[in-house]
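Here is a short briefing for a reader new to this structure.

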Amino acid sequence: ARPARYDVLFEPVKIGPVTARNRFYQVPHCNGMGYRDPTALAHMRGVKAEGGWAVVCTEQVELHHTSEITPFIELRLWDDRDIPALARMADKIHEHGSLAGIELAYNGMNGSNLYSREVPMGPAHLPVATFMYDPVQARRMDKEDIANVRKWHLAAVKRAKLAGFDLIYVYAAHALGFLHHFLSRRYNQRTDEYGGPIENRIRLLREITEETKDAVGDTCAVPVRISVDELLGEGGLYKEEVEDMIGLMADLPDLWDVTLAGWENDSRTSRFSEEGAQEPFIEGIKRLTSKPVVGVGRYTSVDRMVSLVNKGILDMIGAARPSIADPFLPKKIEEGRFDDIRECIGCNICVSGDFTQSPIRCTQNPTMAEEWRKGWHPEKIRRQQSEKPVLIIGGGPTGLEAAQALGKRGYEVTLAEANKELGGRVLQESRLPGLSAWVRVADYRKLQLNQLANVHIYFDSRLTADDVLGFGIPRVAIATGATWRKDGVGHAFTLPIPIEEGAAVYSPTDVMSGNCPAGARVVVFDDDHYYMGGVMAELMAEKGCDVTYVTPASEASTWTRNTMEQHFIQKRMLEKGIKIRSFTLVKSIGRQETVLACTFTGKQERVAVDAVVLVTARLPNEELLLDLKARQAEWADSGIESIVAIGDAQAPATIAHATYAGHRYAEELDGAPLAEGQLPFKREIAELLPLI
Ligand code: FMN
């Protein structure tokens, strides 16, 4: 049972005319599904409600076609035809007794309107503020435009109510919507009654909040989401200024939902901020209002949540990423099942779903976005379909996930780990600078395995083909991971680069095993482009090396734009004195000198370095698989039915893919084979309209 001091988290909270059954609040978060996958999305939110979140919100929902954010895939409420998809979601949330919240967004100068081809609007004539540098400008709104947007917002509010939502947001946060743009002097350079002093800059927010309350306030709560600080000093919105704004509207909304701006500051990865990092910014807001306050901070620690409430900092614990990693976080706390909590690792692979327009994924929760598509559930898995045991070779993220999920299905599982500890790559990577929270991937799964008597773990077990054939366990999954290459093959070079015999070349695998370059001058060649190259450079700099980071991309760790970390990574690298050479290749490596080349002109440059760390690509650890495949004729006599490689051992990828691959193996074992042409997931197809 849970300790009594946690009871406070399960007190109901009145939000205007509605009541939340506890203090757990899933704040708005996008998911890469939106209007394309509304049923998958409805199920995903329904599972959050089932997991105990008293309030479950949508992502930002485009409220009008003159403000859409193509290529991002959000929900839409452009006209009545969008209501059924949203109603489906609200219904799913209600099925489990939770309140459904919708965040209506008019993005204004944050969207280029690439789909609708309407001219974007904002408080001033300014380029559209997307990171893609679209060659589009927003035009300055005149009085008629302001009146129109108010009208459109109101129309969307009424549709949201018809769809069944209980909380209808006014969204003024993150520098992502026009209301934030009106609040901030950075964007609002108006001289009319909507610009200048804060009374004027909040005018539109006040008007829209009042109109929303007048329209639906008798039955729906109206929260305002606002960013307390843009972390730009007095050049942007800052805490004291926003506190004055909140003070002026104190009790007008039914709830204040407070965050940092921009989004990259609000959803910072664990590499760049700790749990609760927003606390100094949200502290004190409650004194300004009698209405409930929600705040965020990647909260997974229960004591911390309790102290936020007891200290009077927050009324409700807001969470986006923790609710993605564990949709059942509230239920598990309620039932005192603390060992079962899958804590968010703060990697932001969830955010990459939005940036790559693909269904949201999560390193910790492989069922995220697969609730309807594949029928997966974060807590329930179908019972075993046969008595045949399973051998899993490798206790990294893939093997651990497969073992625990199969264990829960009821199978007899043998997990063979070559080392003395479970965790594989997450254990190694969590020892690198900034990545310590990633060990939670192994921790959660180890705690689950502790509860499963039918999973037998063997350490120091580097199995050979003879061993596997000798055991005769009918199903074998090889999850032996991958090894970083040391031949330069990556995105730029598909064939090995010239490396002189005796040259000091290292890979991340070497470095993580303690075999680090000793010399003073180190080149890190990053042709992988996710986090590892930047982390290696950081580590070398911490060890006192003179580090040059070389990449054919335009910037360090370029893929981390999708996890909103690129800016922070490059800043940290520069602050550590790392020299960054963009658009540059390592062409060859010698004992005395290394040859670099410009990606455009090919112009070469010889540099004297003591060591090169190649972060380019990985190779699956597939020796055992190949040995066993070479002896396939012996499988049947040994009682073996199937041997497959899963996760990095099949094709190296993210840790999110590793856990997904392990889970998929477990889910699909003894499943019905797909019919010819059948997809391994459900998808929603738009209705084909008559051709007229
Ligand atoms: N905030 C919004 O107001 N609207 C959004 O559509 C939105 N999308 C998000 C999508 C993802 C994948 C994530 C991780 C966050 C998003 N956010 C959005 C910000 C979250 O609501 C939240 O404020 C932030 O992630 C910090 O909370 P956390 O630490 O609990 O994740």
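In this predicted model, the lining of the second largest cavity divides into eight nonpolar, four polar and two charged residues. The cavity holds about 90 Å³ of space.

**Second largest cavity**
- Of its 14 lining residues, the closest to the centre are Cys 344, Cys 347, Asn 348, Cys 350 and Cys 362.
- Helix 11 and helix 13 are the elements that give two or more residues to this lining.
- The largest share, three residues, comes from helix 11.

**Largest cavity**
- The count comes to four cavities of 30 Å³ or more.
- The largest cavity has a volume of about 380 Å³.
- Of the 27 residues lining the largest cavity, Pro 28, His 29, Trp 263, Ser 267 and Ala 320 are the closest to its centre.
- Strand 4 (55-62), helix 8 (263-266), helix 11 (321-325) and helix 13 (349-355) each give two or more residues to the lining of the largest cavity.
- That lining divides into 14 nonpolar, six polar and seven charged residues.

- Three strands form an open sheet in the order 24-25-26, with antiparallel pairing.
- Strand 24 (584-589) and strand 26 (604-608) stand at the edges with a single partner strand each, so one side of each has no neighbour in the sheet.
- Neighbouring strands of this sheet are turned by 30 degrees against each other on average, direction ignored.
- Strand 25 (residues 593-598) pairs with strand 26 in the antiparallel sense over five bridges.
- Ala 597 stands opposite Gln 604 in strand 26.

Terms used. Residues are numbered from 1 along each chain as its sequence is written. This is a predicted model: local features need pLDDT of at least 70, side-chain atom pairs count only at pLDDT 80 or more; totals for chains, interfaces and linings use all residues. Side-chain values use heavy atoms; hydrogens and water are left out. Two strands pair if DSSP finds at least two bridges between them. Helices (H or I, at least four residues) and strands (E, at least two) are DSSP runs, numbered from the N terminus. Axes are lines fitted to C-alpha atoms, for helices over the stretch in contact, and angles run from 0 to 180 degrees between N-to-C directions. On a 1 Å grid over the protein atoms alone, a cavity is a set of points where a 1.4 Å probe fits but cannot get out, and a pocket is an open set with protein on both sides within 12 Å along at least five of seven lines; lining residues have an atom within 4 Å of a point. Grid points are joined across faces, edges and corners, and a volume is the space filled by probe spheres set on the points. Ala, Val, Leu, Ile, Met, Phe, Trp, Tyr, Cys and Pro count as nonpolar, Asp, Glu, Lys and Arg as charged, and the others, Gly among them, as polar.
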